[in-house]
Every structure is written in C-alpha cells, then in structure tokens.
Amino acid sequence: DALCRAAENGKEVLVMIELRARFDEENNIEWSKMLQNAGCNVIYGPKGYKAHSKLLLITRKTDSGFEYITQVGTGNYNEKTATLYTDLTLMTADAEIAEDAENVFYGLTTGTFVEKTNKLLVAPLCLQNKIIEMIDDEITAAKNGEEAYIGVKINSLTDKQIIDKLVEASCAGVKIELVVRGICCLVAGVKGYTENVTVKSIVGRFLEHSRIYIFGTSQRQKIYISSADFMTRNTIKRVEVAAPVLSDKLKKRICNMFEVLMADNVKARIMGKNGRYSK
C-alpha cells in the first residue's frame, strides 16, 4: 500500500517481486498487478536465479545533494509471517551501503550479478568467497596465538566449501558456535576434526528465521545479518544480501541475542559427535 501511494504521489518506484516465493506465488502475482496499476515499475529478477534478498533503497534529492536510506532484512515483507517469525532488519544512511544496494537493483533489472561491493555481501558472486575469507582470518588469528571465534545463526548448513573451511578452522583452534535450526551437514565434537564446534538447534514458539554471522572478538569483530543460509542454493545459486552491522551499540545487542540462544536450556537441542541431538 505504501509503495502504491508513493507511485501515485509521483515518486519513482521500482519493485522486484519473486514470483516463485514458496506458498506465496498466487499472492505475489496479485500484488504485482496492483503495484503496476498504481504506476510502479515491477520486475521479476534474473532468469534462472531466485532473488531471495530483502532489500529496500530510498533515494532523495535535496538542495545539498542526494540522501539515501537503505534497509536490509532477514525476512520478507509479509504481514503474516512478521507475527510468526523472528527476523532482524537494519536501516542505515551509509552512502557506501546505498551504492551497493543500487548495484544490486541494477543487476536485478539487467539480469547481471554484482561482482564487487563496498560493504554488502551479495550472492551469487561475492558472498560465499567473502565468508570463506573471514573464516580464514580467524584461522590465521588462532595460528598466531590470538583468541579466534565464529558464531553463526542460520536455518541450514549444507554448503560443502564452507563446511570444509569450518572444519579447518576447528582444527586450527577456532571456537565455533553454530545455531542451525534445520539441516546441518557438519557433525560437531568429532575428535581431531570438529572438537571446537558446538551445534545447537532451536525450534520455539516463533520460527527462528534471522541469519547472523559473527567473526572475531573484541576490536576486530565483524557482524552481518543476512537473508542467506549456508546452503549452496543460497550462496551461489540465488541473489542474496548480507549487511554489516557497524554500530558498536547494535553489535552488542546482536551478541547479547546470540548469547541468549547459546544459553537456551529449554527449547535448544545440542548435537553429539554421533550426529544425534539431545536436550
């Protein structure tokens, strides 16, 4: 409704709708017709690739130049799931993030993919490789005798390249905490391989839908929120976006959330070295 009002009030509105969104295909077709009737320019993403990113960019011209507001979320713009899922969203006036977002939208309209970014991680070309680089940084830190840490909250872990790199990190002495709600193809606690890895699954009243990536500790800590799970279909076969959390206040808030998840002793199930979960 807000996008339709904006278009009717003379704003330039571009909307990319994923028609193959599971369970919402029919709804999305109807919404796209409504948006077009209101004067919005509606596109459907690159051929052969699902656009799973949740991204919004507002560009406003002022007397002093251009102002940008970028919103990156972990969940859809869906009023029903918003009451059933836990999700995170970041709103920022950062000009470099806005430039990255603009490039994502340009790629969606032209059927091309973002190859280089300032701050965002954007699949399919520059998300998986960036994650592997950050895992490598933790491996280097551990080998140098520094405290090294990786914390990840996702729905599924099946990407073999990332799994192999996490195993390598565990062998190097990196502490790894994973909250993986569903499928997890990495077995935790195997001596000589994943003894530094903890895997928990949490299924509660609200669907745990946000994705959080944490790399490093203290001064060199990097935190991202994302629409992407660590699955090959997300990391190299979809358009996905991960946004950096740069505010120290917000970093602390997300770390507190993650600590609460790791401390859960009611809904959480922990994976044993046999791959089975227990309370």
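The questions below concern a predicted model and ask what each description of it rests on.

Q: Why is Ala169 called buried rather than exposed?
A: A residue counts as buried when its relative accessible area is under 20%. Ala169 has a value of 0%, so it is buried. Ala169 sits in helix α5.

Q: What makes up the surroundings of Ala169, apart from its neighbours within four places in sequence?
A: Contact requires heavy atoms within 4.5 Å. By that test Ala169 is in contact with Ile135, Ile139, Ile150, Val174 and Ile176. Tyr193 lies 24 residues away from Ala169 along the chain, and the C-alpha atoms of the two are 9.2 Å apart.

Q: What makes the backbone of Ser218 worth a remark?
A: Its phi is positive, about 45°, although Ser218 is not a glycine. Most residues other than glycine have a negative phi.

Q: How do you know that the peptide bond between Ala123 and Pro124 is cis or trans?
A: Omega is about 15°, and the bond is cis. Most peptide bonds are trans. Pro124 is part of the loop between β8 and α4.

Q: What makes the buried residues of α2 line one face of the helix?
A: The residues in question are Asn28, Ser32 and Leu35. Viewed down the axis of α2, they fall within an arc of 65°, so they line one face. An α-helix has 3.6 residues a turn, so residues three or four places apart point the same way. Glu26 and Asn37, on the other side of α2, are exposed. The cover over the buried residues includes α1, β1 and β2.

Q: Why are β4 and β7 said to stand at the edges of their sheet?
A: The sheet is open, with 3 antiparallel strands in the order β4-β5-β7. β4 (54–62) and β7 (89–92) each have a single partner strand, so one side of each is left without a neighbour in the sheet. The twist from one strand to the next averages 10°.

Q: How do you know that β5 and β7 are paired?
A: Pairing requires at least two bridges. β5 (65–73) and β7 are joined by 4 and run antiparallel, so by that rule they are paired. Gly73 stands opposite Thr89 in β7. Helix α3 (95–110) packs on this sheet and touches β4, β5 and β7, with its direction at about 115° to that of β4.

Q: Why is strand β15 called largely enclosed?
A: 7 of the 7 residues of β15 (238–244) are buried, so the rest of the structure largely encloses it. Arg238, Glu240, Ala242 and Pro244 point one way and Val239, Val241 and Ala243 the other way, all of them buried. In a regular strand the side chains alternate between the two faces of the sheet.

Q: Which strands are joined to β15 by bridges?
A: Among them is β3 (50–51), which runs parallel to β15 and is joined to it by 2 bridges. β8 pairs with β15 in the antiparallel sense over 3 bridges, with Ala123 opposite Glu240. β14 is also antiparallel to β15, with 3 bridges; there Ile225 stands opposite Ala243.

Q: Which members of the largest nonpolar core touch the most others?
A: Leu157 and Tyr213 do, in a core of 36 residues. Helix α4 gives the most to this core, with 7 residues. A second, separate core has 33 residues, including Ile43, Val72, Val179 and Ala243.

Notes. Residues numbered from 1 in each chain as written. Predicted model: local features only at pLDDT ≥ 70, side-chain atom pairs only at ≥ 80, totals over all residues. Heavy atoms only, no water. Axes fitted to C-alpha atoms, helices over the stretch in contact; angles between N-to-C directions. Core = buried A, V, L, I, M, F, W, Y, C linked by side-chain atoms within 4.5 Å. Buried < 20%, exposed > 50% of the residue type's maximum accessible area, 1.4 Å probe, protein only. Arc of directions from axis to C-beta.
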